[in-house]
Amino acid sequence: KRSLPECPICMDSPSGKIFQCSEGHLCCEDCMLHLTRDECPTCKEAFKSKRIRCRLAERQIGEDVVECESCLKSMTRFELENHKLVCFIRKY
């Protein structure tokens, strides 16, 4: 299995927006919103006024193949977001 980019704060490979500092260190949107200082959690470089998204990491994570927890069907993380809206099978 390939290694996916992960946030250094939550240690997850989240779906959604991923931001980077000027040195290229990543931080997911949820953790970015909860930072107490406006600096990179890895190198302490100050973030600029405009947040820089890392669309390459977002795409790499989104193309990862995962399994729906309800119906066990395999799909990409991108597809899973829409699938969850229509999947009514619940695993108990």
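The largest nonpolar core consists of nine residues: Cys7, Phe19, Cys21, Cys27, Cys28, Cys31, Met32, Cys40 and Phe47. A nonpolar core is a set of buried Ala, Val, Leu, Ile, Met, Phe, Trp, Tyr and Cys residues joined through side-chain atoms within 4.5 Å; buried means under 20% relative accessible area, exposed over 50%, and partly exposed in between, with a 1.4 Å probe and protein chains only. The model is predicted, so local features need pLDDT of at least 70 and side-chain atom pairs count only at pLDDT 80 or more, while totals for chains, interfaces and linings use all residues. Residues are numbered from 1 along each chain as its sequence is written, and side-chain values use heavy atoms, with hydrogens and water left out.

- Strand E2 and helix H1 are the elements that give two or more residues to the nine-residue core; helices (H or I, at least four residues) and strands (E, at least two) are DSSP runs, numbered from the N terminus.
- Apart from this core lies another, of six residues, among them Ile18, Cys54, Ala57 and Ile61.
- Cys28, a member of the largest core, touches Cys7, Cys10, Pro14, Lys17 and Ile18, not counting residues up to four places away in sequence; contact means heavy atoms within 4.5 Å.
- Cys54 is found in the loop between E3 and H2 and is buried, with a relative accessible area of 12%.
- Not counting residues up to four places away in sequence, the contacts of Cys54 are Ile18, Phe19, Gln20 and Leu26.
- Cys54 and Val65 are 11 residues apart along the chain, and their C-alpha atoms are separated by 20 Å.

**Sheet E2-E1-E3**

- Three strands form an open sheet in the order E2-E1-E3, with antiparallel pairing; two strands pair if DSSP finds at least two bridges between them.
- Strands of a sheet pair through backbone hydrogen bonds, either parallel or antiparallel.
- E2 and E3 are the edge strands, each pairing on one side only.
- E1 and E2 run antiparallel and are joined by three bridges.
- The bridge partner of Ile18 in E2 is Cys28.
- Helix H2 packs on the sheet and touches E1, E2 and E3, its direction making about 145° with that of E1; axes are lines fitted to C-alpha atoms, for helices over the stretch in contact, and angles run from 0 to 180 degrees between N-to-C directions.

**Helix H2**

- Within H2 (residues 55–62), the residues Ala57, Glu58, Ile61 and Gly62 are buried.
- These residues lie on the same side of H2 because they cover an arc of only 130° around the axis, the arc being that of the directions from the helix axis to the C-beta atoms.
- Exposed residues Arg55 and Leu56 are carried on the face of H2 turned away from its buried side.
- The cover over the buried residues of H2 includes strands E1 (18–20), E2 (26–28), E3 (52–53) and E5 (74–76), together with helix H3 (77–86).

**Salt bridges**

- The whole structure holds four salt bridges; a salt bridge is a side-chain nitrogen of Lys or Arg within 4 Å of a carboxyl oxygen of Asp or Glu.
- One of them joins the side chains of Asp38 and Arg51 at 2.9 Å, N to O.
- Both Asp38 and Arg51 lie in the loop between helix H1 (29–33) and E3, so the pair ties together parts that are 13 residues apart in sequence.
- Asp38 counts as partly exposed at 41% relative accessibility, and Arg51 counts as partly exposed at 34%.
- Another joins the side chains of Arg77 and Asp64 at 3.5 Å, N to O.
- That pair links distant parts of the chain, 13 residues apart, with Arg77 in helix H3 and Asp64 in the loop between H2 and strand E4 (65–67).
- Asp64 counts as buried at 6% relative accessibility.
- The side chains of Glu39 and Arg37 also meet in a salt bridge, at 3.8 Å, N to O, and Arg37 counts as exposed at 57% relative accessibility.

- Thr76 lies in strand E5 and is buried, with a relative accessible area of 19%.
- Thr76 touches Gly62, Glu63, Asp64, Val65 and Val66, not counting residues up to four places away in sequence.
- Leu72 is found in the loop between E4 and E5 and is partly exposed, with a relative accessible area of 42%.
- Leu72 and Ile89 are 17 residues apart in sequence and 9.4 Å apart in space, C-alpha to C-alpha.
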